[in-house]
Amino acid sequence: MGNAIDKTNSDMPLLDDQTPRPGHPPGSVVRVAFDTPMERFFDYRLPDEWIGKVAAGQRVEVPFGRSNRPAVGFVVAVPDEATLPRLKTVLAPVDEEPLLDGRLMELARWISDYYASPLGRTLAVMVPAAVKRQVGMATRTRVHLAVAAAEAAGVVASLRLKQAKVAQTLADAGAFDPDSAVEIDELAGRVGCTRGPIQALLDKGVAAAVQEEYIPGQTPPPARLTEPAFELNRWQQAALERLGPRVSEGGFSVTLLHGVTSSGKTEIYLRLIRRALAAGRSALVLIPEIALTTQAVDRYRRRLGSVAVIHSGLTDTQRSLAWARIARGDYQVVLGTISAVFAPLRKLGLVIVDEEQESSFKHLKSPRYHARDTAIQRARLCGIPAVLGSATPSLETWFAAQHAKHFDYIELPQRVAEVPMPKIRVVDMRAEQRDRRGIHLLSRLLEQQITWALGQKKQVVLLLNRRGYASYVFCASCKFALSCDRCNVNLTYHKATDTGLCHQCGQRKAVPEKCPVCGSKIVRFGLGTQRIEEEIERKFPGVRLARVDSDTMKRAGDYERVLGAFERGEIDVMLGTQMIAKGLDFPDVTLVGVVSADTTLAIPDFRASERTFQLISQVAGRAGRAHGQGRVVIQTLHPELPAIDYAVRHDYRGFADSELPNRKDLGFPPFGRLALFVLRHREEPRAHEAGRALADGIEALRIETGVGGRVRGPMVAPIARIRDQCRIHLLLQAESAEGLQRWLAEARRRGLLDRIKVEWIVDVDPLALM
């Protein structure tokens, strides 16, 4: 492993707690972290001309290792003195200004400490790759008349035909100043000309041009903001009266805004953002990827004007320009998904996390941060309020709102305009299968309700959280099952390609007609969205149906296209996975059907009941949001289970009261904290051996540091093999977050994790134990 110091000190880590040594003028040394697994920093000397011009959060190019290969790292500090007398010299700064300001650097250190991730890797994740590659900015030209409105008619009359038409078009558009200027290609399209006549007007001084950066593909803000015609109900008004002063006056707080579906949470967000803007501050709104629709973005822009949008569907140019314009202060409101939590907003005054319970807020690579908890920490560092909104809050957030310091709880128990909650009916599919011949994935009740809704010219949403056609391909005679060669999972049959597909690694296999072992017929068993699609088309001929899952939604534009068609009434039935369960507001959806409420219950994970309750409650909330009471049909093999029973009754408190004692008995969140180590190797004995060595060392540290808790494992993971890697779990349970952090920090300080001999990851506060 290379480093940045004299060869005689090549193995010495440069840590913050080492005693500084003299020999370097103040401000002439920078401490650098790299995007590697190393838990080390390296000191470099700045050339004289750059002293005072390089700061923490900026990147520099430096010679690295014994070969002195050029490497780019983040400056994490400018210490008064270096830890060693002889240092290598910085080659050049990469950025003109820091990519991350002081508060974001503090946030990076918190993420590094809390999620047990090297600081260099954390910093690399916080800044988009396109920004680090310095992808070029996009510019455009807008044109306006350079004469007063009163003079326009005379000027137009004096011009040649095409030029006159251009000038008249600008005058008709009211383009007499830079704010109302028209984009040059759009102007040429309106007139039906090339750029030549426009350039002629510019050369004559009749028109003027404005050059500006812009984000390609992003809709410009509306010319006029709109305000709703309705008044807040008493619950919304009470919530705003409590939250408004916190936004105006500042100070750290966290508020759980617990409102049933369609209770008007977004309206409260918008009014709070207005308060922040009025106080000269900016606002950050995080929403799940699946809820970030054109519908949501348009609503924010109609009310607030210029809003920057950050999500995974942006091109490199869009992402790079959005980051630059946010950092420059061009935007005061950012709406985005998980990575938007690091948006470089100036004078941040409010943080909002909508659908805070969503698993998509969890980053799936190192560092495995949770955007909700990171947003709360950012609010704490800035001394501002954070608002967490949900109809089905996570049990951790619910518990914190009742017991934790700085947390508050506000409830919105009713829908806006006194629209009633939907009526939910449950179908026991065990009885349905006994009483009905043939294979039917839709119950008689659900079929009847679909027929009724279509007859009323209303729309239907059907949820099945399992894609594909059949979840199990096997031989009934010898029990052969079609499985993945690289993963310890069965293949899912996809009829469109007539293949079995591994949903872990993507391997495909042709499905044989006969069993390769005994020659018997192969059976395609189970259900998926493709199979439901086939049954709907058979039973409801002519229905306009759209299937929304990861097989059909390949690009962000696909999702927007389908939702746009659904909003326009061009689709009667929308069938999909959890992608359609949240964030959608369509007034003509009268019926929601949950084809199988058991898919999430079958997962061997301590959050299975919570996920089931949340999914049913959220998708049921799509029904009857505007016109009368909606109808919901839930199909299940286990109608007696509490998660389903409480969801049917819209009873979140009842569910929480029934589930929390189970968590307490196990010492699981919110009554304890977890850290999951996953160790991987092609050979299971090697992975298990590494797990045993880590378990012994971690347990010894726990005893030495006095942390209350236990170590579970090593044990084979529920999915024992993925991509030819055997997987071993080691689960750390601590009685408190502070204890877990002390435990992990000591393991890192002593180099215990550096001695793991196989591939590994650590997931602090894991959402799943698979």
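# Briefing on a predicted single-chain model

Among contacts in the chain (heavy atoms within 4.5 Å) between residues at least 6 apart in sequence, 75% join residues at least 24 apart. This is a predicted model, in which local features need pLDDT of at least 70, side-chain atom pairs count only at pLDDT 80 or more, and totals for chains, interfaces and linings use all residues. Residues are numbered from 1 along each chain as its sequence is written, and side-chain values use heavy atoms, with hydrogens and water left out.

**Overall fold and surface**

- The chain holds 22 helices and 30 strands; helices (H or I, at least four residues) and strands (E, at least two) are DSSP runs numbered from the N terminus.
- A compact globule of 770 residues would have a radius of gyration near 27 Å, and the 30 Å of the chain agrees with this; the radius is taken over C-alpha atoms, and the globule rule is 2.2 Å times the number of residues to the power 0.38.
- Along the principal axes, the C-alpha atoms fill a box of roughly 85 × 80 × 55 Å.
- Of the 770 residues, 55% are buried, where buried means under 20% relative accessible area, exposed over 50%, and partly exposed in between (1.4 Å probe, protein chains only).
- Carbon and sulfur atoms account for 50% of the accessible surface, which comes to about 33600 Å²; accessible areas come from the Shrake-Rupley method with a 1.4 Å probe, and for residues only the protein chains shown count as cover.
- There are 105 positive and 89 negative side chains, with the centres of the two sets 3 Å apart. Lys and Arg count as positive and Asp and Glu as negative, while His and the chain ends are not counted; each charge is placed at NZ of Lys, CZ of Arg, CG of Asp or CD of Glu.

**Helix H11**

- Helix H11 covers residues 316-328, and its 13 residues should span 18 Å at 1.5 Å a residue; the end C-alpha atoms are 18 Å apart, which agrees. The expected span is 1.5 Å times one less than the number of residues.
- The buried residues of H11 include Leu 321, Ala 322, Trp 323 and Ile 326, and also Arg 319 and Arg 325.
- Their cover includes helices H2 (119-126) and H3 (129-132), together with strands E8 (207-213), E11 (308-310) and E12 (333-336).
- Gly 329 follows H11 and has a positive phi, near 95°.

**Surroundings of Cys 475**

- Cys 475 lies in strand E18 (residues 472-475) and counts as buried because its relative accessibility is 0%.
- Leaving aside residues up to four places away in sequence, Cys 475 touches Phe 480, Cys 515, Cys 518, Ser 520, Lys 521 and Ile 522.
- Lys 514 is 39 residues from Cys 475 along the chain, yet their C-alpha atoms are separated by 8.3 Å.

**Backbone exceptions**

- Most residues other than glycine have a negative phi, and most peptide bonds are trans.
- Lys 479, in the loop between E18 and strand E19 (492-494), has a positive phi of about 70° and is exposed, with a relative accessible area of 58%.
- Asn 68, in the loop between strands E3 (59-64) and E4 (69-77), also has a positive phi, near 55°; at 40% relative accessibility, Asn 68 counts as partly exposed.
- A cis peptide bond with omega of about 10° joins Pro 669 and Pro 670; Pro 670 lies in the loop between helix H20 (652-666) and strand E27 (673-681).
- The peptide bond from Gly 713 to Pro 714 is cis as well, with omega near 15°, and Pro 714 lies in strand E28 (residues 709-722).
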